[in-house]
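Q: Could we go through how the helices pack in this protein, and then look at the spaces inside it?

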Amino acid sequence: SKLEIDLNKFDLFNLDSFNKLEDKENIYFSKWWDYPRFKINKNDSSKINHLEDLLVNSVKKQLISDAPLGAFLSGGIDSSLIVAIASKFISDLQTFTIGFDFDKYDESKYAKKISNYFGTKHETLICSKDDVINNIEYLQEAYTEPFADSSQLPTLLVSKIAKSKVKVALSGDGGDELFGGYNRYSFSNKYWKIINFLPISIRSNLLRIFNTLPSSVIDVILKFILSKDTTRNNSNSKNIINKLIKIQSDFDFYNSFITEYSEASVINDDYLLNHNFKDTFQNFEFNNITEKMMACDFVTYMTDDILCKVDRASMFNSLEVRAPYLDRDLVNFVINLPFDKKIKNNKTKIIQREILESYIPMEFFDRPKMGFSIPLSDWLKTDLKEFMNDALSHNTLNKHNFFNIDKEKLIKDNHEKNIENNASKLWALIQFNLWYENNF
């Protein structure tokens with residue numbers, strides 16, 4: 001982005017938003033690149049070789065370094081493809097994975113197999129629960145602002161192990177938003193047409209009746225209907241139903257995936273609740289709701305969460321991280337690919353899989369997406385319960401008065417009693433309070 005100021009008309013002023021800055025007569029703001037509102041030209045799906053060439057060229061450029069260089073390797077499609085290409089140019093490429101001895105979903109074993117296949121110099125840090133919990137104290141110093149994606153903890157740890165060997169690391173960031181990797185994309189592609197087919201009045205009444213059933217019954221029914229379309233962290237069935245009841249548009253559907261707090265929020269100030277991504281979402285003129293979701297995620301979630309998370313964690317450890325998927329030519333090409341080269345028959349990252357299979361057998365990477373997370377929901381009821389209660393003490397809450405104490409208590413109680421999975425809500429409150437205490 002570029003910001004120009006006409007010094008002949010310059011004066012001092014106080015503003016409370018960037019939008020007001022853009023509106024000033026002597027201020028000119030322009031973007032070097034912006035996500036297109038619609039597909040400019042539809043790239044032929046047969047041009048898989050061209051996409052691979054673009055990706056190879058991007059990786060080659062990102063490998064230029066005067067300092068030791070390596071790559072993150074989670075064992076998923078995004079990072080595996082980056083490592084597959086990079087290892088063609090660096091024979092002793094160093095790769096880094098973090099694993100957890102407390103998590104049955106630990107993916108470090110898959111990363112190790114891929115590392116062995118490509119012959120990289122691989123480092124795996126297997127963390128205990130204590131290793132992760134003890135690093136919570138560094139979050140405020142690393143992030144310097146309220147930041148509430150709990151995967152910031154493993155990101156901090158994998159950056160630490162990488163820095164012990166290299167000064168630059170390649171990542172697979174951007175692959176999910178570009179190629180349709182998140183579970184919500186396959187879910188929306190499969191279910192939005194069905195949900196949108198039923199008139200809102202009929203759908204809402206049916207769901208309200210359904211929601212009167214015991215949670216255990218709803219869990220069984222949803223598990224049967226949704227099958228593999230929910231992740232291990234998305235087991236809050238009552239929450240799912242409550243969100244579906246309110247959906248009246250494609251944006252409402254998208255917003256239900258990305259919003260934790262509703263109008264019945266714990267947040268006291270309504271001003272904070274009225275800021276969402278509706279205008280951004282509706283600005284994209286893709287006919288397919290999933291492509292609109294991917295575009296909106298690219299310009300909001302990816303930049304303000306994913307890239308911010310990695311940048312703060314890596315720079316805290318004096319490590320530079322580069323993202324080859326975010327090469328401008330590559331991004332422009334992928335945006336204009338036919339949708340069925342990204343998601344088809346409930347399978348994601350179609351064209352990536354086709355390219356990666358030319359480097360490594362499919363059985364090395366063909367498995368459900370697990371994500372990069374910690375079992376926060378359980379820990380807040382056990383090992384982190386005292387930490388949570390301290391962070392959410394009434395003393396701190398009363399200092400700033402941003403949150404409704406009664407609603408905060410209800411959120412916490414419902415989580416502890418297994419009525420709702422409120423881990424994400426609570427982590428956001430915790431991180432805000434810790435930031436507030438640390439700075440004020």
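Q: What is the handedness of the crossing of H9 and H13?
A: In this predicted model, H9 and H13 cross in a right-handed sense.

Q: At what angle do H9 and H13 pack, and how far apart are their axes?
A: The angle is about 145 degrees, and the axes are 11 Å apart. H9 covers residues 183-197.

Q: Which residues meet there, in H9 and in H13?
A: From H9 there are Arg 184, Phe 187, Ser 188, Trp 192 and Ile 195. They meet Asp 250, Phe 253, Phe 257 and Ile 258 in H13.

Q: And how do the residues of that contact of H9 with H13 divide by class?
A: Six are nonpolar, one is polar and two are charged.

Q: What about H13 and H16: how close do their axes come, and at what angle do they cross?
A: The axes of H13 (residues 250-258) and H16 (residues 289-299) come within 11 Å, and they cross at roughly 50 degrees. H13 is therefore oblique to H16. The crossing is right-handed.

Q: Which residues make the contact of H13 and H16?
A: On the H13 side they are Asp 250, Phe 253, Tyr 254, Phe 257 and Ile 258. H16 contributes Ile 289, Lys 292, Met 293, Cys 296 and Asp 297. The contact of H13 with H16 comprises seven nonpolar and three charged residues, with no polar ones.

Q: Moving on to H7 and H17, at what angle do they pack?
A: H7 (residues 152-163) and H17 pack at about 40 degrees, and their axes are 8 Å apart. That angle makes H7 oblique to H17. The crossing of this pair is right-handed.

Q: Which residues of H7 and H17 meet?
A: Gln 152, Thr 155, Leu 156 and Ser 159 of H7 meet Lys 309, Val 310, Ala 313, Ser 314 and Phe 316 of H17. By class, the contact of H7 with H17 has four nonpolar, four polar and one charged residues.

Q: Changing topic, how much space lies in the second largest pocket?
A: The second largest pocket holds about 530 Å³ of space. It is lined by 19 residues, and those closest to its centre are Ser 1, Lys 31, Trp 33, Asp 34 and Val 299.

Q: Which elements give two or more residues to that lining?
A: They are H1 (18-23), H16, H17 (301-316) and H18 (328-335).

Q: How do the residues of the lining of the second largest pocket divide?
A: The lining has 11 nonpolar, three polar and five charged residues.

Q: Which residues line the largest cavity?
A: Its lining consists of Tyr 35, Phe 286, Glu 291, Met 294, Ile 335 and Lys 342. Four residues of this lining are nonpolar and two are charged, with no polar ones.

How values were computed. Residues numbered from 1 in each chain as written. Predicted model: local features only at pLDDT ≥ 70, side-chain atom pairs only at ≥ 80, totals over all residues. Heavy atoms only, no water. Axes fitted to C-alpha atoms, helices over the stretch in contact; angles between N-to-C directions. Helix = DSSP H or I, 4+ residues; strand = E, 2+ residues; numbered from the N terminus. Parallel < 35°, antiparallel > 145°, perpendicular 65-115°, else oblique. Left-handed = near helix turned anticlockwise from the far one by under 90°. Contact = heavy atoms within 4.5 Å. Nonpolar A, V, L, I, M, F, W, Y, C, P; charged D, E, K, R; others polar. 1 Å grid on protein atoms, 1.4 Å probe; cavity = no way out; pocket = protein on both sides within 12 Å on 5 of 7 lines; lining within 4 Å. Points joined across faces, edges and corners; volume = space filled by probe spheres on them.
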